[in-house]
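Look at the fold one piece at a time. Start with a single helix, then move to the sheet and the cores.

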Amino acid sequence: MEARDEGPEEFGDLLGAFDERRRAELVAAFVAVETAAEPVHEARFAALRDPALRRALMEMLARRGRVLQQRRDAWISGYTDAYRVTSLPEAERAVLALVLVHSVAIPRAEGLLGEDTWLSQYPVATEELRRRTLLPIGELEAALRSLRQAGLIVQQKTSEEGAGGYVPGPQFHRLTRAARARLQEELILAAGPQTPLAVAIRAKRRRHEPAGPDGET
């Protein structure tokens with residue numbers, strides 16, 4: 001995302017409460033958290049360290065449908081929990097699910113990853129993806145290319161010479177806690193729809209569905 005000329009005008013009422021130096025700090029932090037591939041360390045930007053400036057930054061992001069998320073001493077913007085990604089083609093969704101299952105879900109089940117992360121150091125090999133999908137090779141490679149360009153996956157080398165594979169990309173830094181939990185549930189439902197855990201997830205969702213006009217959900 002590029003800094004837009006209309007930015008100062010768009011946020012004029014928020015920026016107007018600060019002097020020129022602090023306005024520049026806010027704009028710099030805004031651009032940084034919106035464009036960085038990785039969370040930005042707060043030592044680099046006063047607007048991430050100062051509570052008053054950080055509140056103004058959060059309001060700026062909210063006007064774009066974004067939220068400010070903290071990762072220890074670093075920050076990055078993300079979509080609100082109301083946002084849903086529905087634009088991925090079916091082949092890309094299928095390939096992304098495979099990458100998440102093999103590089104995150106399985107290592108997590110083996111105790112190698114924490115419960116609340118969708119980033120991984122355990123790449124799934126291209127050959128494994130080929131074995132696990134019915135997609136023709138051309139469609140698989142096209143899906144992998146599109147997912148890389150979108151920042152949803154990255155290609156990573158392992159310690160073995162010539163070996164490597166795919167892990168979730170930097171866009172997963174932008175998931176909120178609720179979005180990460182929802183994604184975990186979706187993978188459970190896809191991988192084991194008849195398991196007790198999947199049944200419990202569906203039951204929980206039914207309990208939280210709004211009732212219709214006749215009292216039914």
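In helix α10, the residues A198, I201 and R205 are buried. Seen down the axis of α10, these buried residues fall within an arc of 60 degrees, so they line one face of the helix. An α-helix has 3.6 residues a turn, so residues three or four places apart point the same way. On the other side of α10, P196 and R207 are exposed. Keep in mind that this is a predicted model.

How far apart are the end C-alpha atoms of α10? Helix α10 covers residues 196-208, which is 13 residues. At 1.5 Å a residue, α10 should span 18 Å; its end C-alpha atoms are 19 Å apart, which agrees.

**The sheet**

Three strands form an open sheet, in the order β1-β3-β2, with antiparallel pairing. Strands β1 (40-41) and β2 (66-71) are the edges, and each pairs on one side only. Six bridges join β2 to β3 (residues 74-79). Two of the bridge partners are R71 with A74, and Q70 with W75. Between β2 and β3 lies a hairpin with two residues between the strands. There, R72 takes a positive phi near 60 degrees.

Which helices pack on the sheet? The table lists α3 and α5.

| Helix | Residues | Strands touched | Angle between directions |
|---|---|---|---|
| α3 | 20-35 | β1, β2 and β3 | about 70 degrees with β3 |
| α5 | 51-62 | β2 and β3 | about 135 degrees with β2 |

**The cores**

In soluble globular proteins, nonpolar side chains tend to be buried together. Here, the largest nonpolar core has 21 residues. Which of its members touch the most others? They are L96, L129, L144, L147, I153 and Y166. Two elements give two or more residues to this core: α6 (90-109) and α8 (137-149). The largest share, seven residues, comes from α6.

Take I153 as a close-up. Leaving out residues up to four places away in sequence, I153 touches L96, V99, L144, L147, R148, Y166, V167, P168 and G169.

**Putting it together**

Return to the structure and trace these parts. Find the buried A198, I201 and R205 in α10. Follow the strand order β1-β3-β2. Then find I153 beside its contacts, including L96 and Y166.

Key
Residues are numbered from 1 along each chain as its sequence is written. This is a predicted model: local features need pLDDT of at least 70, side-chain atom pairs count only at pLDDT 80 or more; totals for chains, interfaces and linings use all residues. Side-chain values use heavy atoms; hydrogens and water are left out. A nonpolar core is a set of buried Ala, Val, Leu, Ile, Met, Phe, Trp, Tyr and Cys residues joined through side-chain atoms within 4.5 Å. Buried means under 20% relative accessible area, exposed over 50%, partly exposed in between (1.4 Å probe, protein chains only). Helices (H or I, at least four residues) and strands (E, at least two) are DSSP runs, numbered from the N terminus. Contact means heavy atoms within 4.5 Å. Two strands pair if DSSP finds at least two bridges between them. Axes are lines fitted to C-alpha atoms, for helices over the stretch in contact, and angles run from 0 to 180 degrees between N-to-C directions. The expected span of a helix is 1.5 Å times one less than its number of residues. The arc is that of the directions from the helix axis to the C-beta atoms.
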